[in-house]
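Here are my notes on the model, as numbered points. Please read them with the structure open.

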Amino acid sequence: MDVLVQLLQLLMLLLTLPLHLMALLGFWQPLCKSYFPYLMAVLAAKTNRRMENKKRELFSEIKGLMGTSGKVALLELGCGTGANFQFYPAGCRITCLDPNPHFEKFLKRSMAENRHLQYERFVVAPGEDMKQVADGSMDVVVCTLVLCSVQSPKRVLQEVHRVLRPGGVLFFWEHVAYPRASQAFMWQHVFEPTWKHIGDGCYLTRETWKDLENAQFSEIQMEQQPPPLKWLPVGPHIMGKAVK
């Protein structure tokens, strides 16, 4: 099987050779950073139509964290285009964090369309190093389709744990690897070296549920769902919450 995967990866590399050469020479990454927000804007709209009920159900639980103040401090990690804003309840004070500054104009558009929320700031930083966010300052952290592309999911989850107050909640929705014995998992390995360039560092074969289970949260609730866009090479998704 390993030999077959390597041969298929080589064939994929040959078919997409210009992309890999551009990445090797350092030309692809700046281009990807500029076009990726446009791609995500299209995909996010399609995904939200398919996942609307599930997202509303998940994020409706934020209301229970507001207490008597009627406010909740929410950090969206890897905020992208702000595709989740429409599902947050009124009273959320949003801090947006993303390593790609090209998302800002899309965020402003989403903010204008969701005036029921209060927007604090946009922090340009990776999830592994959120030093601009104070310890225990967040009631909620939201992380959707982010842990697939970070350098270190373990380090990101450590940072999430740090910025959450005791009793604070991480809400997550991530795509993960297919079962290891499946043919679909083999094809994920075949596509992954090329997909990482197309998807701005996105890995197809991460078993993210293991990182969440090992992140020292006091409680985790998780369910698995089929991929909403079956024509993409991403696998099943996990959705749920983790309590500090």
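This is a predicted model: local features need pLDDT of at least 70, side-chain atom pairs count only at pLDDT 80 or more; totals for chains, interfaces and linings use all residues.

1. The axes of α1 (residues 2-15) and α6 come within 9 Å. The crossing angle is roughly 35°.

2. Which residues make the meeting of α1 with α6? From α1 come L4, V5, L8, Q9 and M12. From α6 come M186, W187, H189, V190, F191, P193 and T194. By class, this contact has 9 nonpolar and 3 polar residues, and no charged ones.

3. Helix α6 (residues 183-198) also packs with α2 (residues 17-24). Here the axes come within 10 Å and cross at roughly 60°. The two helices are therefore oblique to each other.

4. The contact of α2 with α6 involves L19, H20 and A23 on the α2 side. On the α6 side are P193, T194, H197 and I198. By class there are 4 nonpolar residues, 3 polar residues and no charged residues. Look at P193 and T194 in particular. Both belong to the α2 contact, and both also meet α1.

5. Now the chain as a whole. It has 7 helices and 7 strands. From the N terminus, the order is α-α-α-β-β-α-β-β-α-β-α-α-β-β. The radius of gyration is 18 Å, close to the 18 Å that the globule rule gives for 244 residues, so the chain is as compact as a globular protein of that length. The C-alpha trace spans about 60 × 35 × 35 Å along its principal axes.

6. How much of the chain counts as buried? The figure is 50% of the 244 residues. Contacts across the sequence are also worth a look. Take the contacts with a separation of 6 or more: residues 24 or more positions apart account for 74% of them.

7. T81 sits in a loop, between β1 (72-77) and β2 (92-98). Is T81 buried or exposed? Its relative accessible area is 10%, so T81 is buried. Residues up to four places away in sequence aside, T81 touches P37, M40, A41 and A44, and also F103, F106, L107 and S110.

8. Q225 lies in strand β6 (residues 219-225). Q225 has 7% relative accessibility and therefore counts as buried. Its contacts, leaving aside neighbours within four places in sequence, are M51, K54, W173, P236, H237 and M239. Q225 and E174 are 51 residues apart in sequence. In space, their C-alpha atoms are 9.9 Å apart.

9. Two backbone angles deserve a check. Most residues other than glycine have a negative phi. D200 has a positive phi, near 55°. Q216 has a positive phi too, near 65°.

10. Where do D200 and Q216 lie? D200 is in the loop between α6 and α7 (208-213). Q216 is in the loop between α7 and β6. Their accessibilities put them in separate classes. D200 is buried because its relative accessibility is 14%, under the 20% cut-off. Q216 is exposed because its relative accessible area is 68%, over the 50% cut-off.

Note on methods
Residues are numbered from 1 along each chain as its sequence is written. Side-chain values use heavy atoms; hydrogens and water are left out. Axes are lines fitted to C-alpha atoms, for helices over the stretch in contact, and angles run from 0 to 180 degrees between N-to-C directions. Helices (H or I, at least four residues) and strands (E, at least two) are DSSP runs, numbered from the N terminus. Angles under 35 degrees count as roughly parallel, over 145 as roughly antiparallel, 65 to 115 as roughly perpendicular and the rest as oblique. Contact means heavy atoms within 4.5 Å. Ala, Val, Leu, Ile, Met, Phe, Trp, Tyr, Cys and Pro count as nonpolar, Asp, Glu, Lys and Arg as charged, and the others, Gly among them, as polar. The radius of gyration is taken over C-alpha atoms; the globule rule is 2.2 Å times the number of residues to the power 0.38. Buried means under 20% relative accessible area, exposed over 50%, partly exposed in between (1.4 Å probe, protein chains only).
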